[in-house]
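Please look at the chain shown here and ask, for each label attached to it, what value stands behind that label.

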Amino acid sequence: KKEQLSYRSGAQVNDILCVTGDLGAALVGLQILEREKQVYLSNPDMKPELEKYTVVTGRQLRPDARMDIIHELRELGVVPSSMIDISDGLASEIFHVCKASGVGATIYEDKLPIDKQTFDTAVELNLDPITCVLNGGEDYELLFTVDQKDYEKIKNHPSFTVIGFITDKSQDSLLIDKNNSAVRITAQGWKHF
């Protein structure tokens, strides 16, 4: 129904910014698969070591679009003011919503959802886990905004994480890091032709 549709363009100042699931796993999984491919190419007798990387490789090899979220939001009586899938990376999708809605955003590093295996594997690969969360694509989770009046409905839901809020378009989109410093968000997402 028309009144239940969410577009990129509906975010309003002071809306709450949320994501589903966890982020960064698909990018880290791709890095593991690339590493093991190089090992195999240098020695075809070597067997890839993937057993301890099932979460991250699974997210890369078998992405799962979050169609269940539509039903969960309906059951809660929540219609997001804006929504987009996270296919090009969280930072890129934040910019898409902000541009379409004419707003800015502030997110908090300590609120970004990352699976322990994703975090540990990123560190093992000498990658910054937060960079993986912000710029890793193909997670196919959802980024959405809701009016503050809906906060009580979503705050304890296991599928949603509140990561920040929408600001006036005159402000840069910012990441508040663990030291409480504001860092301008940049996106390295996919550039479409």
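The questions and answers that follow set values against their definitions.

Q: What makes this a model to be read with confidence limits, and how are its residues numbered?
A: This is a predicted model, in which local features need pLDDT of at least 70, side-chain atom pairs count only at pLDDT 80 or more, and totals for chains, interfaces and linings use all residues. Residues are numbered from 1 along each chain as its sequence is written, and side-chain values use heavy atoms, with hydrogens and water left out.

Q: How many helices and strands does the chain have, and what counts as one?
A: Helices (H or I, at least four residues) and strands (E, at least two) are DSSP runs numbered from the N terminus, and the chain has seven helices and seven strands. Along the sequence their order is β-α-α-α-β-α-β-α-α-β-α-β-β-β.

Q: Why does the radius of gyration agree with that of a compact globule?
A: The radius is taken over C-alpha atoms, and the globule rule is 2.2 Å times the number of residues to the power 0.38. For 193 residues a compact globule would have a radius near 16 Å, and the chain has 18 Å, which agrees. The C-alpha trace spans about 60 × 35 × 35 Å along its principal axes.

Q: What share of the contacts joins residues at least 24 apart?
A: With contact meaning heavy atoms within 4.5 Å, 84% of the contacts between residues at least 6 apart in sequence join residues at least 24 apart.

Q: Why is the pair of tyrosine 108 and phenylalanine 165 called tilted?
A: Rings of Phe, Tyr and Trp (its six-membered ring) pair if their centres lie within 6.5 Å, and planes under 30 degrees apart count as stacked, over 60 as edge-to-face and the rest as tilted. By this rule the count comes to two aromatic pairs. In one of them, the ring centres of tyrosine 108 and phenylalanine 165 are 6.4 Å apart and the planes are at 35 degrees, so the pair is tilted. This pair links distant parts of the chain, with tyrosine 108 in strand β3 (residues 103-108) and phenylalanine 165 in strand β5 (residues 160-168), 57 residues apart.

Q: What makes the pair of phenylalanine 144 and phenylalanine 160 edge-to-face?
A: The ring centres of phenylalanine 144 and phenylalanine 160 lie 5.3 Å apart with their planes at 75 degrees, so the pair is edge-to-face. Phenylalanine 144 belongs to strand β4 (residues 141-146) and phenylalanine 160 to strand β5, 16 residues apart.

Q: How do you know whether phenylalanine 144 and phenylalanine 160 are buried or exposed?
A: Buried means under 20% relative accessible area, exposed over 50% and partly exposed in between (1.4 Å probe, protein chains only). Phenylalanine 144 has 0% and is therefore buried, and phenylalanine 160, at 6%, counts as buried too. Over the chain, buried residues make up 45% of the 193 residues.

Q: What is the phi of asparagine 126, and how accessible is asparagine 126?
A: Most residues other than glycine have a negative phi. Asparagine 126, in the loop between α5 (116-124) and α6, has a positive phi near 60 degrees, and at 71% relative accessibility it counts as exposed.

Q: What is the phi of glutamate 138, and where is glutamate 138 placed?
A: Glutamate 138 has a positive phi of about 70 degrees although it is not a glycine. Its place is in the loop between α6 and β4, and with a relative accessible area of 36% it is partly exposed.

Q: Why does aspartate 139 count as buried, and which residues does aspartate 139 contact?
A: Aspartate 139 is buried because its relative accessible area is 2%, and it lies in the loop between α6 and β4. Leaving aside neighbours within four places in sequence, aspartate 139 is in contact with residues including Asp22, Arg59 and Ile86.

Q: Why is isoleucine 176 called buried, and which residues does isoleucine 176 contact?
A: Isoleucine 176, in strand β6 (residues 174-176), counts as buried because its relative accessibility is 13%. Its contacts, leaving aside neighbours within four places in sequence, include Thr106, Tyr108 and Ser181. Isoleucine 176 and threonine 106 are 70 residues apart in sequence and 7.2 Å apart in space, C-alpha to C-alpha.
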